[in-house]
Amino acid sequence: MKKILVKTVHGYQRFVSPLLPPACRYYPTCSNYMIQAIEKHGAAKGIAMGSARLLRCHPFCKPGYDLVPDKFSLRRNYEIPEEGTEESQNI
């Protein structure tokens, strides 16, 4: 199930996203967040986290870093990765 969901998001990234203007207010992008959440927390929790993230991504929100937390949460992750970690190198 996880593989199907990840491939669906990859399909969106490849075929639909290039046709739309860049609009994501967070890093990583909402589609990358969805993939990471599915891989880290499983299909059901990953979809819930990704959907909550999509609802948070609107013009009136405060942009910034919102990495997938290690513990399941539907709220924004305000932790900024420490320098020298793998997450900080991806930013």
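Reader: What makes Tyr65 partly exposed?

Author: First, a heads-up: this is a predicted model. Tyr65 has a relative accessible area of 33%. Buried would need under 20% and exposed over 50%, so Tyr65 lands in between and counts as partly exposed.

Reader: And Tyr27, why does that count as partly exposed?

Author: Try the cut-offs again: Tyr27 has 31% relative accessibility.

Reader: How do you know that the rings of Tyr27 and Tyr65 are a pair, and why is the pair called edge-to-face?

Author: Their centres are 6.1 Å apart, and the limit for pairing is 6.5 Å, so they pair. The planes sit at 90 degrees; anything over 60 is edge-to-face, so that's the name. The structure holds 1 aromatic pair.

Reader: What makes this pair a link between distant parts of the chain?

Author: Tyr27 is in strand β1 (residues 26-27) and Tyr65 is in strand β2 (residues 64-65), with the two 38 residues apart.

Reader: How do you know that Lys45 lies over the face of Phe72?

Author: Lys45 is 5.4 Å from the ring centre, and the distance cut-off is 6 Å. There's an angle condition too, within 35 degrees of the ring normal, and Lys45 is listed as lying over the face of Phe72.

How values were computed. Residues numbered from 1 in each chain as written. Predicted model: local features only at pLDDT ≥ 70, side-chain atom pairs only at ≥ 80, totals over all residues. Heavy atoms only, no water. Phe/Tyr/Trp six-rings, centres within 6.5 Å; stacked < 30°, edge-to-face > 60°. Helix = DSSP H or I, 4+ residues; strand = E, 2+ residues; numbered from the N terminus. Buried < 20%, exposed > 50% of the residue type's maximum accessible area, 1.4 Å probe, protein only.
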